[in-house]
Amino acid sequence: MLRHHLDLAITPAQRHRFAATMSLAADDADLPADPEFRAAVIGYLEWGTRLAMENSRPGAVPVEDAPTPRWGWGVAPPYQG
């Protein structure tokens, strides 16, 4: 997946717009509104889009076999506000 971003020169504004659009798409798809779940989704989007932006720079060489963070949902009970 990292190689798909090579030489695209993604700007911070483009990265932010993509992350925001994906967050809105989660609403449109009726994904759970649970704050812990949404925090995990946003955390993944932030990590992924920042990595994509770094690897999109001209001449970037993605790290082969880099570890992928693992996110979970349900570590704590859903917020009961």
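Guide: A helix here is a DSSP run of H or I with at least four residues, and helices are numbered from the N terminus. The model is predicted. The protein has two helices and zero strands. Let us look closely at helix 2, which covers residues 35-55.

Start with its aromatic rings. Rings of Phe, Tyr and Trp pair if their centres lie within 6.5 Å. By that rule there is one aromatic pair. The partners are Tyr44 and Trp47, with ring centres 5.8 Å apart. Their planes stand at 40 degrees, so the pair is tilted. Planes under 30 degrees apart would count as stacked, and planes over 60 as edge-to-face. What separates the two partners along helix 2? Tyr44 and Trp47 are three residues apart, which is about one helical turn.

How open are these two residues? Buried means under 20% relative accessible area, exposed means over 50%, and partly exposed lies in between. Tyr44 has a relative accessible area of 45%, so it is partly exposed. Trp47 is at 28%, so it is partly exposed too.

Now turn to the partner helix. Helix 1 spans residues 12-28. Helix 1 and helix 2 pack at an angle of about 150 degrees, and their axes are 10 Å apart. Angles over 145 degrees count as roughly antiparallel. The two helices are therefore roughly antiparallel to each other. Their crossing is right-handed.

Which residues make this contact? Helix 2 brings Arg38, Ile42, Leu45, Glu46, Thr49, Arg50 and Met53. Helix 1 brings Pro12, Arg15, Phe18, Ala19, Met22, Ser23, Ala26 and Asp27. Sorted by kind, the residues of this contact are eight nonpolar, two polar and five charged.

Pick Ser23 as one of them. Ser23 sits in helix 1. Leaving out residues up to four places away in sequence, Ser23 touches Arg38, Ile42 and Leu45. Ser23 has 23% relative accessibility, so it counts as partly exposed.

Next, go to Asn55, which lies in helix 2. Asn55 has 9% relative accessibility, so it counts as buried. Which residues does Asn55 contact, apart from its neighbours within four places in sequence? They are Leu2, His5, Leu6, Asp7, Ala60, Val61 and Pro62.

Asp7 leads us to the segment before helix 1, where it is found. Asp7 has a relative accessible area of 57%, so it is exposed. Its backbone deserves a look as well. Most residues other than glycine have a negative phi. Asp7 has a positive phi near 60 degrees. Ala9 is also not a glycine, and its phi is positive at about 55 degrees. Ala9 is found in the segment before helix 1. At 39% relative accessibility, Ala9 counts as partly exposed.

Finally, step back to the whole chain. The protein has 81 residues, and 19% of them count as buried.

Terms used
Residues numbered from 1 in each chain as written. Predicted model: local features only at pLDDT ≥ 70, side-chain atom pairs only at ≥ 80, totals over all residues. Heavy atoms only, no water. Phe/Tyr/Trp six-rings, centres within 6.5 Å; stacked < 30°, edge-to-face > 60°. Buried < 20%, exposed > 50% of the residue type's maximum accessible area, 1.4 Å probe, protein only. Axes fitted to C-alpha atoms, helices over the stretch in contact; angles between N-to-C directions. Parallel < 35°, antiparallel > 145°, perpendicular 65-115°, else oblique. Left-handed = near helix turned anticlockwise from the far one by under 90°. Contact = heavy atoms within 4.5 Å. Nonpolar A, V, L, I, M, F, W, Y, C, P; charged D, E, K, R; others polar.
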